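Thank you for making the time this morning.

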Amino acid sequence: MRPYEGYVYAYPHKTAYRPLDPRPPLREVWAKERTDALSLYLHVPFCEMRCGFCNLFTRTGAPAELVTSYLDALGRQAEAVRRALPDGARFVTTAIGGGTPTYLEAAELARLLDLAERTMGADFSATPLGIETSPATATPDRLAVLAERGTTRVSIGVQSFVDAEARAALRPQRRAEVETALTAIREAAFRTLNIDLIYGIDGQTPDTWRHSLDATLAWRPEEIYLYPLYVRPLTGLGVLGRDWDDQRLGLYHQGRDHLLAAGYEQVSMRMFRLPGTESDGEYSCQSDGMVGLGCGARSYTSRLHYSFEYAVGVRHVRAIIDDFVRLPRAAFGVANVGFALDDLEQRRRHLIQSLLRAEGLDRAAYRTRFGGDVLDDFALDAFAERGWVTDDSTRVRLTPEGLARSDAVGPALFSSRARDLMDSYDLR
Ligand SMILES: C[S@@+](CC[C@H](N)C(=O)[O-])C[C@H]1O[C@@H](n2cnc3c(N)ncnc32)[C@H](O)[C@@H]1O
Ligand code: SF4
């Protein structure tokens, strides 16, 4: 089983979504859901540059008018969605992702936060707010707006502190720019700083990896994400494809050991945290409700996951954004593409999302939610035989070696329906 099949940050993957026919009104979609502890997600599909590895839904070089039209459209969407939610719906956490949300200028960020608070009803004085940023866009004026408005977590993509590696990953950035951004973020005093690093870059060695890890630790960030590099079709590095599983596994073990020795705890294969750090609204599968706004955002109810169309290729991303900004308010009141989760898919989702966290799956919580035992519903023997999964009377969890193989374990647990849909997805 190859170790790097795919990053399962949510099950099912967006490529398993299909056009919904008929398109259900959001009012119906949300009517029977628990909505007193929702999370809100806002997607900003703009970046300064298109990094060679990145397969997120984003475009570069958006002119100011397009950004304004996008915020206008988000406003219409927020109104439509808020109306569709039951009275009493409440957000307990908010995340703004991308792309690069801080591609927006300070005044535009303020407008986005207004929309989340005034239209959607989020309250950043009482609930966590996280945002992603990049070295070139984490400027003091933008950070000041974010701090003043109650942002609790800022996550910055550094990828590598070695300039030559950043270039090899087709992300031209300079170390000095990274350090300036980190200084500005620390000066703005957010509760949580997260730094993203990538391993498996062409030319990266245990020595250069250690250099990036140490440069990260010098900031003592509350959270660190270590991402194995993936190259995908339709991204700038996609054409390089070569087998570098061993390099990534080696660097993973080195990175994990280094961070554990520095006092961090491991939350999942990618995520490390300083003990005592408050969780700033990271995903929890017990609260399934997520309301996404923006053209690349997904929304989750317990029975339906939905979004707009999805693409990676430049032309299609641009076309989808251009369509999105022209939509009238009424068009935002229905779900467009999606994936319906029956009872077994809901159980499967819970299993996958829990098992891929270091703490594993709580068997009693599973029984309370679904009735029955998780090991009667799903056969995990093949993983147990490899020494990747273990269980006792209270929990089912990955062993350290299983955690290292999260990107093999997760995809192996997909239903055949989700897998067939993903395989037949026409990647654009
Ligand atoms: C939305 S970006 C972070 C914010 C900002 N856009 C930036 O790049 O600085 C999310 C993170 O996912 C990781 N990532 C994206 N594509 C990846 C890939 N193909 N392989 C490994 N990690 C990837 C990167 O570490 C990146 O920082
Ligand atoms: S890694 Fe970040 S900055 Fe680079 S293209 Fe992806 S979202 Fe944009």
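This is a predicted model: local features need pLDDT of at least 70, side-chain atom pairs count only at pLDDT 80 or more; totals for chains, interfaces and linings use all residues.

The chain has 16 helices together with 18 strands. Its radius of gyration is 21 Å, which is close to the 22 Å that the globule rule gives for 428 residues, so the chain is as compact as a globular protein of that length. If we draw a box along the principal axes, the C-alpha atoms fill roughly 55 × 50 × 40 Å. Of the 428 residues, 44% are buried, and when we consider contacts between residues at least 6 apart in sequence, 78% of them join residues that are at least 24 apart.

Let me now turn to helix 9, which runs over residues 314–326. At 1.5 Å a residue, its 13 residues should span 18 Å, and the C-alpha atoms at its ends are 19 Å apart, which agrees with that expectation.

Which residues of helix 9 are buried? They are Val-317, Ile-321 and Phe-324. Looking down the axis of helix 9, we find these buried residues within an arc of 60°, so they line one face of the helix. On the other side of helix 9, Arg-315 and Arg-326 are exposed.

And what do the buried residues of helix 9 pack against? Their partners are strand 4, at residues 59–60, and helix 2, at residues 64–84.

Note on methods
Residues are numbered from 1 along each chain as its sequence is written. Chains are lettered from A and ligands numbered from 1 in the order in which they are written. Helices (H or I, at least four residues) and strands (E, at least two) are DSSP runs, numbered from the N terminus. The radius of gyration is taken over C-alpha atoms; the globule rule is 2.2 Å times the number of residues to the power 0.38. A residue is buried if 20 or more other C-beta atoms lie within 10 Å of its own, exposed if 12 or fewer, and partly exposed in between; C-beta atoms are placed from the backbone. Two residues are in contact if their C-beta atoms, placed from the backbone, lie within 7 Å. The expected span of a helix is 1.5 Å times one less than its number of residues. The arc is that of the directions from the helix axis to the C-beta atoms.
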